[in-house]
Structures are given as structure tokens and as C-alpha cells.
Protein chains: 2
Amino acid sequence: MERPKAATLADVARRAQVSNATVSRVINGVDVVSATTRNRVQRAIAELGYRPDERARALARGQSRTLGLIVSNLENDFYLDIFQALETEARRWDYEVVVANTDYRTERLVSSIRAMVAQRVAGLAIVVTEIEPAVVRELAAEGLPVVVYDCAVPAANFATIQIDDYSSTRRIVDYLYSAGHRRFAFVGHHTRHEPLRARERAFRDVLRAHPDAFFQIVTDADSPDGGLRAARTLVTSDLAPTAVVCLNDFMAIGVMKGLREAGLRVPEDVSVTGFDDISLAKFASPALTTMAVPREWIGRLAASALIPGAGGIALGQEIVVDPELLVRDSTAPCRAPLGPEAAPVR
Amino acid sequence: MERPKAATLADVARRAQVSNATVSRVINGVDVVSATTRNRVQRAIAELGYRPDERARALARGQSRTLGLIVSNLENDFYLDIFQALETEARRWDYEVVVANTDYRTERLVSSIRAMVAQRVAGLAIVVTEIEPAVVRELAAEGLPVVVYDCAVPAANFATIQIDDYSSTRRIVDYLYSAGHRRFAFVGHHTRHEPLRARERAFRDVLRAHPDAFFQIVTDADSPDGGLRAARTLVTSDLAPTAVVCLNDFMAIGVMKGLREAGLRVPEDVSVTGFDDISLAKFASPALTTMAVPREWIGRLAASALIPGAGGIALGQEIVVDPELLVRDSTAPCRAPLGPEAAPVR
DNA sequence: TTGAAAGCGGTACCAG
DNA sequence: CTGGTACCGCTTTCAA
């Protein structure tokens, strides 16, 4: 039982009694091929169940029609949504897209980039938190069209999509503060990614400006599980925060679970906020107050920036998106007695 | 600003003053190349930033090292988990994997299959609900190694991973019945996929065997949103079910949300069950009682079946997995007064 | 309108 | 141990 190897263009040519060139012509619909010849070829194609080898075509053409996307973690809907949007847009232009998952590991970022380069993708979108200037610099030299999210890289072949993490987070904290909260917690995940650290920084900066506000910061994995563990830490802390600002929705889901486990009600006892507005945010109970990041738009934009003629942002450009605060049911005015019951951490 | 095209093997050969063959040898680590030559070549490779073109390699070798995976919907963690597991296993054997999403549409299944064939993937895993014998039959002729989940296709180049949907669902319903429930609802999604219909059939069969049990069936999209809408239907129905059996966890999340919206408590007022045991099931509130399908294992198995020498199941074989019932917090003994308050539907 | 042939970037067999 | 050289499957001049 040998595996029958697929028919080739030459097989078709032989069967249709024409040259390879002619078969190629009808496949690509170029030149003027006489109707009779065309029919003969098409019949041969059908009879043989012939499918052109895309790899060979790309090789011969010297250009591929596939885009690469590298993300940190598809389990986080934030990344998945970007993938879907990117793919939808790419498909419109008859491009394919291959995804790679880094699991937040720089080594995998590196190997994924290498793999993409080896596949000779037409363009590469990088949306990860573990990005490092050094690894990306290598790409700049490559000359490959690249778009990176939330990480400014100055290079002629790079487009950048930024989001103002700092002021977005300020908006969240301001909102919570004016709702009367004074004891805060920030739940983040380990990362050296500057834009993400900016969320934490904004949190700190806002609260430090208020002499009557106190806060603590806890860090865990970027997952509901991480959020859950973080919440367990929070509930046993002295600060007893009434407002928990989460780095993103993915962790917030776990945080709420952890709070509930401890018998605390959201938002009656504790307010919780997320970031991203993943679709699940709506289904969390209660529905999560969050910052809506337009992932759909970002994905499309990235694709069109990578596809020549798709009218996206030009390489070398930088664009910044502005998220919107969505107040849902996980936040409420503070009902706790004013003033800390304990000393603030940090 | 022209995009500099990547260095080729020939460039390296020229720079290192050796033949193409020798460069190829050091790249592949085959044959014995003298240390000095090897060094010279490696230096040239480094200096040029050379990366072998994988497409060309695959073409020349006559075999690719990438696996294809086609799923219905990556947003449903069930599929995502399979993807991750498959990829993990594939990576172990130095294979890549490309995923395609069909969004439950047969047309996209067809075009995805064509695309995979065109890419000349080494093997293809199909895990979709919209599978149709006709489209798959085309593949059988292709001779491509294929593994399909939950859809028996007799062909020499096909491996099949089955799950006993019927008896698994029976187990769930039996459990609920013995917990005292008598008024049931089944929440499914539109599908002609036989194995999925079997879940509904099992539900029906069990309950029809109990003269004192009543039930209704509602159908919507496979998503939390679909579940939400289904729940809204349920709460306004005359039957007022005390136990809701969902086709899967993805929908169950929405169902619980919908029940809560209507002021019903889970599990005090209504018990809810899912199927799959996606990671979010744990984070739902309350934690979902569900049937654990070993996706991790399925993904690995699929990969190894497709990779020669990986020791997976042989092509032409069929294997059935046995899910396990996980009783968590979304189900409880029935507290409602016995007997239906309305006539059963169907 | 159609065919011959030279690549595209590698691999691998055969000599030397 | 190294070089020469036919391909792999398809595209694309260049002529006919």
C-alpha cells in the first residue's frame, strides 16, 4: 500500500497532450488559450484530480501569499480575536495565514520568527508580550514587512500599532477612585513588556497622587488560574482592597472566581475591572467592567498593512488606538467604611 | 527602498568558496565535511544571515514536515485545546502545524481541505462538526494520511478517533434523573453531525423510558451567546425545567448566564451540565458539572497517527475514547415539587 | 495560440 | 571529503 503521489502539472500536460506552459496558463487564467485546448486541459485536471502544489508555485513566482502571525497565547481570547480578524482580512485578499504560539517564551518567539522567515511568509505580524528589541532587530535586517503590536520598533519595514496603556489604565483607576474606592489592588502577570508595565505604573501613579488611597500589587500567570491565585492572596492580605484592577480580562475571570470562593461578592464587596473586553467578559458573572480594545480592527489593520495594495497603514508608520471604558456590572460605588484598615503595601 | 531578497544557498556557497552540495551538507549535518570547510561555510551562513527556504527544501525532498488541522471554531476551547496538544506533539517530532477554521461551514471545510492538499501537508487532522462523507471521500482518493475525530470513515489512509456520545450522554441524564429531576431541557446547536445528534438522541431515549419525566429541546448557535438565548427561551417555557443538559460547555456557560439573568439560581433552582470539560468550565460560576473529554490525549494521538514512526494508531484503525463524568457545583438534587407543572413538549 | 527551456532554492546521487 | 548535476513542481520569458 504505497501512498499514491499527487498528480503533477506535467501529468496533466501529458494527458491533455499539451505543454507544461499551456497547463500553467489555464491554471492561472493568463494569456489567451484557445477554448478547445482549455477544455482539454481542464478535463485532464478533473480526471486526474490535480491540485497545483502551492509551495512550488510560490517558489517559482518568487513570492508567497501567506502571512505569519505570532502571538503569546491563543487561549487568551484577546489573541484569538486578533488572529480571526487578521485571517478574515487576509482571506479577502486571497492570502493565507499561519499562526504560532509562543506561550510567553522568548525562545519560542525566536524560533517562531525563524520558522516564519524559513517559510518565506510575505509579511509577519507580531503580537506578543515577551517581545524583545534584540530579537526583533534581526528581523529589521531581513527586510520582511512586519507589523508589531504595542512595541515601537523604528525600522523602514516595520509598522507599529500602539495602544495607550498608561492613560487607559489611569482612566480606569480614576473611575474607581471617584466611585469612592480607596483600597486598591492591581493584579498583573510577570512581564518585562514595557507597555504592560505601563498599566501597573499608571495604577501606581494615580493612587500615589491621592494621599488617602492605598494599594497593593500582586503578580501571577496570565490565565484565569493566575487570577484565581492572585485573588487568594488578596483576600488574606491586610489591605482588604475594595477595588481590584486586573491587567486583563483573562486574569479578571479568575480573580472574580477567587473572590467569590472567599465569600466576597462582586461588586457589592469588591469591584473588579479587566482590560481588552474579550467576548467572555460579557459572560462572566457579573459582567465585567473593562477597557474595550478594538481587536477586530487591529487584526484587519495588521493584515492590510502587510498586504501590498490592501490600503492599510504604510510600513514605517505608527498608529495608536484608543480603547473605550465599558462600565458593566463588576464595579460599583464603594460601600466599605472609608480609610484603610491596614497599612498599604509599598 | 527595495526589499532585499534573502540570501540563498548559492550565495553561501560562493562566499565560502565551496559547492552547493557542500553547503547543503553542513546545513543538514549529513556526510562528513572537514572541520575547516564546515567552519568556512558556517561563517558564511552567519555573515549572510542565511536561512534555508523550507518550501524549497520540502519540494526537493519530496516530503513536507507540516501537519494540517481543520477545526470548526477555535473560540470553543475544545478545539483550541486539541490544536495545542497536536502542535505540542508535532513539535516533538519537528513538524509544524497549520490550522484552519471552518466556522461550521461546509464550504469552508471544503476549501480548507483543498488548501491543505495544495500545501502538500504530510498529514491532515479533521475535527469538525460539519463533516460530510462526500467531501471526505475526495480525500480518501488523495491518499493523504488523515485522522478524523468523531466520524467514522472507512479508508485505508484514514484513522478514526471516536467518542461514545450516546452512552456518555445517557450517563449524564441518568445521573440527573437519580438526583430527582423530572423536568429536563436539552440545549444543542444546529448540526447534522451524527455523533452530536446522538447526544440529543440519548437524552430523548433515557427520558422516554421514564414515564414520569418530561423534557423539551432547544437549539441555537454553538457559543455562549447561543446558550444565553436558549436559556431565555427555557425560562419562559411552560415546562420550567429543573435540569438543563447542554450539548457542550461552551453553550453551558451562556445557559448559566441566562438562567441567572432570569433570577434562577444554579444549582439551587436549576441544575446545568456541559460536555467537554474546557478549562473555563472550572471558572464558570458555579463550576460546571461536565463530561471530561481527553482533548490533550486526542490531539497527541492524532499527531502521532500522522507522523510516521511516532507510534500513534495506525491508519485504517479506529479508536474510541471514554469520557469521564465530572460532578462539580452546577448540579444538585432536585428541590422542586415533583411532577410537571405543564405538558411536555414533543 | 503554443512550446522549449531557463530558472526558483534546495537535495541527493554519482564521480573523483 | 568535495564537486557536478540531474531533478522537485511550477512560472515565465522568448520564439515559433
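**View 1. V255(A) and V255(B) in the largest nonpolar core of the predicted model.** These two residues touch the most other members among the 184 residues of that core. A nonpolar core is a set of buried Ala, Val, Leu, Ile, Met, Phe, Trp, Tyr and Cys residues joined through C-beta atoms within 7 Å; buried means that 20 or more other C-beta atoms, placed from the backbone, lie within 10 Å of the residue's own. Another core, of eight residues, lies apart from it and includes V12(B), A16(B), V41(B) and I45(B). This is a predicted model, in which local features need pLDDT of at least 70 and side-chain atom pairs count only at pLDDT 80 or more, while totals for chains, interfaces and linings use all residues. Residues are numbered from 1 along each chain as its sequence is written, and chains are lettered from A and ligands numbered from 1 in the order in which they are written.

**View 2. Surroundings of V255(A).** Beyond its neighbours within four places in sequence, V255(A) is in contact (C-beta atoms, placed from the backbone, within 7 Å) with V187(A), G227(A), A230(A), A231(A), V244(A), C246(A) and V272(A).

**View 3. The surface near DNA strand D.** α2 (20–28) and α4 (54–61) of chain A, and α2 (20–28) and α4 (54–61) of chain B, each give two or more residues.

**View 4. The contact of chain A with chain B.** Each side is listed separately: 34 residues from chain A and 34 residues from chain B.

Methods:
Buried ≥ 20, exposed ≤ 12 C-beta atoms within 10 Å, placed from the backbone. Contact = placed C-beta atoms within 7 Å. Helix = DSSP H or I, 4+ residues; strand = E, 2+ residues; numbered from the N terminus.
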